[in-house]
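Please look over the model shown here before reading on. The numbered points after it are meant for someone meeting this structure for the first time.

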Amino acid sequence: MTILLATDFDVQALGLWRSLLQAALPEEHIVTERHTLVAADADVAIVANPPPGTLQGLTQLRLIQSLWAGVDRLLADASVPPTVPIARMVDPSMSATMSETALWAVLSLHRGFQTYAAQQRVKVWQPLPQRRADEVAIAILGLGELGRCVARCLGAQGYRVSGWSLRPAALPSITTHHGDDALTGVLGAADIVINLLPLTPHTRGLFCARRLDAMRPGASLVNLARGGHVVDADLLAALDSGHLHHAVLDVFNAEPLPAEHRYWQHPKVTVLPHAAAQTDPRSAAEIAAANVRRLRAGEALQNLVDRARGY
Ligand code: NAP
């Protein structure tokens with residue numbers, strides 16, 4: 001059968017993915033041009049932000065394998081066949097990369113390295129008071145594949161780590177909380193809040209004025225998940241008022257971040273270009289291919305998305 005590889009990649013990236021997938025799946029016919037497909041041809045779609053409507057009419061689909069960990073855009077496409085299983089990317093190398101970004105952000109905030117960079121620009125020589133890692137409370141929202149890895153990494157560095165998830169979770173040396181009722185307490189107890197939630201109808205706009213107010217005065221936000229989690233005007237107000245110390249933002253409501261957006265120039269905002277943990281084609285192509293092999297062998301698919309939960 002045929003696999004449709006449907007992405008928004010440029011020609012070079014598409015060529016790389018195609019050759020890696022073809023090497024991992026030599027028996028399969030991989031097509032990258034939707035219009036060349038007869039509707040009944042493809043029974044697998046391997047996707048990364050395909051233009052909305054791309055999967056419409058593919059009546060034989062049995063698996064939609066996302067190359068991205070987050071599937072919010074895919075689930076927002078009403079033309080995606082409603083009963084076809086969707087698998088998302090779960091890759092230990094992505095979790096490790098995300099942990100590096102989270103550790104860098106936490107170290108920068110804890111040790112004041114953003115402040116030192118700002119001081120250097122105006123030639124100020126001013127050491128800051130120094131705290132131990134175990135005096136810094138970190139809250140991780142989302143204890144999934146990425147959040148758990150980040151929690152372990154920060155715990156190993158000596159930080160005081162707590163986590164928040166939808167359902168109860170148990171993690172060694174991490175204080176865990178779950179459910180909406182616990183969120184205010186989790187936010188209020190942290191010096192640094194790291195967002196690693198999926199974007200769902202339930203989590204969209206989570207960082208609104210009320211939730212930001214619930215954060216500790218002088219706390220910082222690290223958003224490594226999705227821009228839609230943050231109400232930008234409310235975050236800017238919390239930074240401008242002095243309630244929050246700093247925001248490290250990797251993801252935005254509009255990407256690329258528009259040139260006129262206040263975040264670019266804001267002294268209390270660090271902007272990253274959605275680069276916290278990119279999918280690595282070398283490992284991810286093999287992970288996607290393994291799920292296709294499972295489908296062909298009649299075995300259980302891995303990393304399936306629960307469409308009702310939205311992640
Ligand atoms: P995951 O394994 O699906 O984990 C999601 C976590 O969020 C789970 O712990 C889940 O709780 C929790 N959660 C979901 N809805 C919740 C709610 N309403 N209240 C409380 N907790 C809730 O996801 P992941 O692989 O860790 O990835 C997380 C997100 O990171 C992705 O969806 C994507 O948007 C983002 N991401 C960003 C980048 C980047 O470069 N910036 C890269 C990759 C991924 P349960 O454990 O109870 O289910």
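**Notes on the aromatic residues and the ligand site**

1. Tyrosine 116 counts as partly exposed, because its relative accessibility is 28%, where buried means under 20% relative accessible area, exposed over 50% and partly exposed in between (1.4 Å probe, protein chains only). Phenylalanine 113 is also partly exposed, at 40%. Both residues lie in helix H4 (residues 113-121), three residues apart, about one turn of the helix; helices here are DSSP runs of H or I with at least four residues, and strands are runs of E with at least two, numbered from the N terminus.

2. This is a predicted model, in which local features need pLDDT of at least 70 and side-chain atom pairs count only at pLDDT 80 or more, whereas totals for chains, interfaces and linings use all residues. Residues are numbered from 1 along each chain as its sequence is written, and side-chain values use heavy atoms, with hydrogens and water left out.

3. Rings of Phe, Tyr and Trp (its six-membered ring) pair if their centres lie within 6.5 Å, with planes under 30 degrees apart counted as stacked, over 60 as edge-to-face and the rest as tilted. By this rule there are four aromatic pairs. The rings of phenylalanine 113 and tyrosine 116 have centres 6.3 Å apart and planes at 45 degrees, so this pair is tilted.

4. A polar side-chain atom of aspartate 250 lies 2.8 Å from a nitrogen atom of the ligand.

Definitions and conventions. A polar contact is a pair of N or O atoms within 3.5 Å; within protein, one must be able to donate a hydrogen and the other to accept it, and residues adjacent in sequence count only if both atoms are side-chain atoms.
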